[in-house]
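Visitor: I have a model to go through with you. Can we take it piece by piece?

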Amino acid sequence: MRSIRTPEVDQYGAHCLSDTNETKDGRFRYLVALLLSSQTKDPITATAINRLDEFLGCKFDQKTVFDGNSMKLRETHRLTVPNVLAEAPDALERLIYPVGFYKKKAVYLHKIAEILTKTHDSDVPDSLAALLALPGIGMKMAKITLAVCYGQNAGISVDTHVCRIAQRLGWAGNADLSEKPDKVGEELESWIPEAQWGQINELLVGFGQNWCFAKGPKCADCTIRAFCREKGKAKNDEK
């Protein structure tokens with residue numbers, strides 16, 4: 001489904017933006033990457049995370065260029081809970097711009113650092129309820145965080161790509177469910193073996209980024225078009 005071309009999520013996804021999930025700081029960087037990734041292209045998220053990690057608390061050089069390996073190659077990391085807490089939200093705004101809803105996310109980020117400091121020993125919580133209590137953290141982010149940081153299988157993480165493709169393949173009941181991510185997750189979890197839940201988001205996000213676009217999907221070249229109930233409906237489809 002996604003092996004022919006490397007999707008952006010494999011190069012700039014949240015898993016590329018934390019050097020380790022074995023430490024408090026590493027888990028925090030992963031959570032921040034997920035927070036900023038909402039409604040934002042992966043390369044833009046990667047740049048914002050690297051700016052925070054390179055320039056938080058010091059002079060900001062907007063011209064610095066980062067790639068997917070910058071975080072893992074950096075010896076000193078500035079994106080930590082204490083450093084975020086020490087910055088005002090407007091300073092965080094400048095570093096994360098132009099991620100989607102950057103003003104709101106800057107406030108969320110500062111508040112998360114405050115909550116983690118006060119109630120979680122500056123660490124990312126390891127329960128679904130505690131993660132969902134953090135501002136800006138939804139069900140998808142919480143499930144992925146538990147899976148990556150703590151090895152917990154909390155369910156299938158559903159985003160716009162998973163919703164769209166599950167609908168097109170008939171995996172999640174009727175079309176109305178595509179507007180309700182939690183319901184799509186419940187539908188998928190009802191028949192997909194639990195051992196495979198952790199693979200679904202990564203698989204479908206990459207497929208959605210490379211082939212099954214919301215508009216103009218590459219149906220003619222799709223290797224699973226035989227299973228799609230919407231095949232042939234795209235304008236660029238060759239019949």
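Visitor: Where is the place of F101?
Guide: F101 sits in the loop between α6 and α7. Helices here are DSSP runs of H or I with at least four residues, strands are runs of E with at least two, and both are numbered from the N terminus. This is a predicted model, where local features need pLDDT of at least 70, side-chain atom pairs count only at pLDDT 80 or more, and totals for chains, interfaces and linings use all residues. Residues are numbered from 1 along each chain as its sequence is written, and side-chain values use heavy atoms, with hydrogens and water left out.

Visitor: Is F101 buried or exposed?
Guide: F101 counts as exposed, at 55% relative accessibility. The cut-offs are under 20% relative accessible area for buried, over 50% for exposed and partly exposed in between, with a 1.4 Å probe and protein chains only.

Visitor: What is the phi of F101?
Guide: Phi of F101 is positive, near 55°, and the residue is not a glycine. Q39 also has a positive phi, of about 55°, and is not a glycine. Q39 lies in the loop between α2 and α3 and is exposed, with a relative accessible area of 65%.

Visitor: How many aromatic pairs does a search of the whole structure find?
Guide: It finds two. One is Y97 with Y102, edge-to-face, 4.9 Å centre to centre and 80° between the planes. Rings of Phe, Tyr and Trp (its six-membered ring) pair if their centres lie within 6.5 Å; planes under 30 degrees apart are stacked, over 60 edge-to-face, and the rest tilted. Y97 is partly exposed at 42%, and Y102 is partly exposed at 22%.

Visitor: And W171 with W191, what are the distance and the angle?
Guide: Their ring centres are 5.7 Å apart and the planes are at 75°, so this pair is edge-to-face. W171 lies in the loop between α10 (160-169) and α11 (181-189), and W191 in the loop between α11 and α12 (197-210), so the pair ties together parts 20 residues apart in sequence. W171 is partly exposed at 25%, and W191 is partly exposed at 44%.

Visitor: What sits over the ring of W211?
Guide: The charged end of K218, 5.3 Å from the ring centre. The test is NZ of Lys or CZ of Arg within 6 Å of the ring centre and within 35 degrees of the ring normal.

Visitor: New topic. How many helices and strands does the protein have?
Guide: Twelve helices and zero strands. Of the 239 residues, 47% are buried.

Visitor: Which residues of α7 are buried?
Guide: K105, A106, L109, H110, I112, A113 and L116 are buried in α7. They cover an arc of only 155° around the axis, which puts them on the same side of α7. The arc is that of the directions from the helix axis to the C-beta atoms.

Visitor: What covers the buried residues of α7?
Guide: The cover includes α2 (24-37), α3 (42-55), α5 (81-86) and α6 (89-96).

Visitor: Which exposed residues are on the face turned away from the buried side of α7?
Guide: K118 and T119. Then α7 is followed by D121, with a positive phi near 55°.

Key. Contact means heavy atoms within 4.5 Å.
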